[in-house]
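Colleague: Could we go through the charged pairs together? I'd like to start with what the words mean.
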Amino acid sequence: MTGTGPDRRTFGGRARAEGTRALLGLLALVLVALPFYAVWRYDTHRKAVSSQAGPPARAVPAVVPAGPEPDTAAPPVVLAYHDIAPRGRSRFTVTPDSLDAQLAALTRAGYRSLSTEEFARYLAGGEPPARRSVYLTFDDGTHGLWVHADRILAKYRMRAAVFLITGSVGSHRPYYLSWQEIGRMAATGRWDFEDHTHAQHRRGDVDAAGTRAAALSHRLWLPGAARLEREDEYRARISRDLDTSLAEMARHGLPRPRLFAYPFSESSEPTDSASSKGILRDELERRFAAALTNTSARPLPAGRRAGAAREVRRLEITRATDLTAFRAELDRWTAVSPGMSPDPLEDGTGWEHTGTAPPAGSGVFTGRGPYPGRKGYAAGSYRPLATADWTDYAVDVVADRLREARNDVAVVVRDGSLAPMTVSLSHSYVTLYSGSGVRRTEVARRTLRNAPVHRLRITVRGDRTEVVADGRVRIDWTERRATGGDRRGGLALSVRNGDAQGEWPRFAALRVTALPGAGPDGTAATGADSREAR
């Protein structure tokens, strides 16, 4: 039977024709849109990845160590930078010319820059990776690191670590790095990326009056509840932030960070309660090998003491750090062994004094002055950053101008450690104290022959302190308060005069001798520092 409707082939041909026209129309649309898409992609890429600037035109220096080669490998010095830019109102913005000059100085002096892995391995108890080494760190993650610092690092074949605020990546462009720039930096092998919080690099209210402090290390004020965060709320906030930061790095293909840097270059500063401070340290130690800071209650340069504390203090470089200051600071931070340090009493720049109007140099200890007054007290530590890891050493002292019940001198060994010991010497007594300053406790006292001059030999071995006065009066003490790196430390002196009509006592001679096992890392050292009695 013949149908009266349209032929099926007619419908099929018409459908195919319409499909072809639609496909051609779509292709035309793609061809028209493609240039606009390419422009959009290019513009997006350009905004996400800034153009790099070439390094300053300075010849790469030969690697020739400045001064004598150290007897043993020294602990690395950790440098802290922030932004790198030709201009900037912040004191934390270092110019490319300054960074280039500083890396050139390090190269000329024979320093090798370390990876984070090498640095973390050393902190965990490994040997120093090189005789002279430096760990370069940059806080916050500013885009000047990609634009300026990357090419300078490449020029000197150095590497560095960026401590990222992951919540700020890609924001406030072009101030912060983008994830695309971070990816390119990671691919060079010159950069490691470590943790600087996700969104806790800020200050917040810590009371109803609006007092502001670092949000990471303080419980914050909750205005809706009119109270401080509870400790469980504080722990949850910082734990959530740290985990978010780690997750962001993993999501962008970065290795898990080993180290953390405190926001604002602070340390775990005193918080509203001791338990809050303990919460922060606990949460950091759960996730990181160590935390880095630019301030600390006691000297914590990279070394065994810092490794035990799991907190490392860095040498902060700012816009004001010219090349002369850079070299001087590097010298101040570079560890010396007890047997190789300069003569303490002749070192006019190595003493760091305490007090409201501290004198300069060692004259207050040697009788040259100046003094804080006709009577009073003066104290100072000898190169506390360079001697932080002293262990197994002896101190020989001659003190004179001692007067009965009028004045005295004191020597602190293991200075800056968690177990300092103070030896006080007067006209009639030698006294050993556990601790130093106002927190010391008397543990032994011996009577001496009354005399204005006395000699001491103090020997420090591990947890033992042995004191011999005038070659015959002995005190032995074993201090159990700290172990390992926590008990390492250097030397401090003090003098006291209680009679405005009398003269100040003095140290007529001081000699520091390395015993077997001494050195910045407990390695053998040779030589001795001495000063003959006058």
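This is a predicted model: local features need pLDDT of at least 70, side-chain atom pairs count only at pLDDT 80 or more; totals for chains, interfaces and linings use all residues.

Colleague: Okay, so is Arg287 buried or exposed?
Modeller: Arg287 has a relative accessible area of 12%, and because buried means under 20%, Arg287 counts as buried.

Colleague: And which residue does Arg287 meet in a salt bridge?
Modeller: The side chain of Arg287 meets that of Asp243, with 2.9 Å from N to O. This pair links distant parts of the chain, since Arg287 sits in helix H7 (residues 274-287) and Asp243 in helix H6 (residues 231-251), 44 residues apart. Asp243, at 40% relative accessibility, counts as partly exposed.

Colleague: Changing topic, what about Arg298, which residue does its side chain meet?
Modeller: Arg298 forms a salt bridge with Asp486, at 3.9 Å from N to O. Arg298 lies in the loop between strand S13 (290-293) and helix H8 (304-309), while Asp486 lies in the loop between strand S25 (473-478) and strand S26 (490-497), so the pair ties together parts that are 188 residues apart in sequence.

Colleague: Are Arg298 and Asp486 buried or exposed?
Modeller: Both Arg298 and Asp486 are buried.

Colleague: Last one, how many salt bridges does a search of the whole structure find?
Modeller: The search finds 38 salt bridges.

Conventions
Residues are numbered from 1 along each chain as its sequence is written. Side-chain values use heavy atoms; hydrogens and water are left out. A salt bridge is a side-chain nitrogen of Lys or Arg within 4 Å of a carboxyl oxygen of Asp or Glu. Helices (H or I, at least four residues) and strands (E, at least two) are DSSP runs, numbered from the N terminus. Buried means under 20% relative accessible area, exposed over 50%, partly exposed in between (1.4 Å probe, protein chains only).
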